[in-house]
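I set out these notebook entries in the order in which I looked things up.

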Amino acid sequence: MGEKESVTGRIIVYIRDNIRNGSWKVGEKLPSENEMCKLLNVSRTSVRSALQQFIALGILESVHGKGTFLLTNDLTVFADTQHEESAVNREEAIASMKYLLEFRSLFEPGVCAKVAPDASEELIARLEELLNIMKSSVGDPMTFVKADMDFHLALCAAYHNPLLMDVMTNVSQKKIDIYHMLNTRVGYYGGIYYHSLILEAIKKHDGKLTRNTMLEHLQRSISDLDIGQDTESGETGIAEPEESGPGKDET
């Protein structure tokens, strides 16, 4: 898991918590990107990546020349960490979720790279339908998880490989309890955000972009699990190593 992904995830937690505890009010302007960089000791790239996810979900709005504003304090798309599984079973459950996501990351990105260039209108329409179900099912984990997994199954079905479908069916339908636990841990925002990006990449018939977005989606889910563990154990630091060289962001 890349350090940058872990840092971005922690910034997301920081933004979410400030909205949840009422520190930032609806209609108010958020601290600037530079202010967040200095406050959290992180790069501007990481701050922008975190903000973009809230903007895509309609929670924040970026106004050119003015800044970023809070549109709503409805955080239903995020997990409610106060109602998670018991501490006794938590470690084992998280390990099972990680194993499953790591396994899927070995083949799903490659499937996307092959399917996207020749994606049919029927496939795109089906993916749009499933994404809309996900968006309308926030707060309804049973429906949300089914649509989520059907989205992935539709991509695998488009690959036209019976063995792949057997494997994917096994790790989705027969492991549905694990996906419900995952939804409880990380909430709805990641699924909606990344599935939207994956669909847009497929519409462009861009195999490389679709592959990379799927890989990032699965890796971010693993990262979110790690962040949840750190938060529970009291490890809330966000600072990241200083960037050096020509790729360093100007803040």
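**Entry 1: helix H10**

I began with helix H10, residues 189-203, and compared its length with expectation: its 15 residues at 1.5 Å a residue should span 21 Å, and the end C-alpha atoms are 21 Å apart, which agrees. The expected span is 1.5 Å times one less than the number of residues. I took helices (H or I, at least four residues) and strands (E, at least two) as DSSP runs, numbered from the N terminus. The model is a predicted one, in which local features need pLDDT of at least 70 and side-chain atom pairs count only at pLDDT 80 or more, while totals for chains, interfaces and linings use all residues. Residues are numbered from 1 along each chain as its sequence is written, and side-chain values use heavy atoms, with hydrogens and water left out.

I then asked how many residues of H10 are buried. The count is 12 of 15, so H10 is mostly covered, where buried means under 20% relative accessible area (1.4 Å probe, protein chains only). Among them are Tyr189, Tyr193, Tyr194 and His195. After H10 comes His205, with a positive phi near 55°.

**Entry 2: the whole protein**

I recorded 11 helices and 2 strands, in the order α-α-α-β-β-α-α-α-α-α-α-α-α. Of the 251 residues, 45% are buried. For contacts (heavy atoms within 4.5 Å), I noted that 76% of those with a separation of 6 or more join residues 24 or more positions apart.

**Entry 3: Met149**

I located Met149 in helix H7, residues 141-157. Met149 has a relative accessible area of 5% and is therefore buried. Beyond its neighbours within four places in sequence, Met149 contacts Arg104, Met168, Ser172 and Tyr179. Its C-alpha atom lies 8.9 Å from that of Ile176, 27 residues away along the chain.

**Entry 4: the cavity**

I searched for cavities and found 1 of 30 Å³ or more. A cavity is a set of points, on a 1 Å grid over the protein atoms alone, where a 1.4 Å probe fits but cannot get out; lining residues have an atom within 4 Å of a point. The largest cavity holds about 260 Å³, the volume being the space filled by probe spheres set on points joined across faces, edges and corners. Its lining has 21 residues, and Asp148, Leu182, Val186, His217 and Ser221 are the closest to its centre. Two or more lining residues come from each of H4 (87-104), H7, H9 (176-186), H10 and H11 (207-232).

Methods:
Buried means under 20% relative accessible area, exposed over 50%, partly exposed in between (1.4 Å probe, protein chains only). On a 1 Å grid over the protein atoms alone, a cavity is a set of points where a 1.4 Å probe fits but cannot get out, and a pocket is an open set with protein on both sides within 12 Å along at least five of seven lines; lining residues have an atom within 4 Å of a point.
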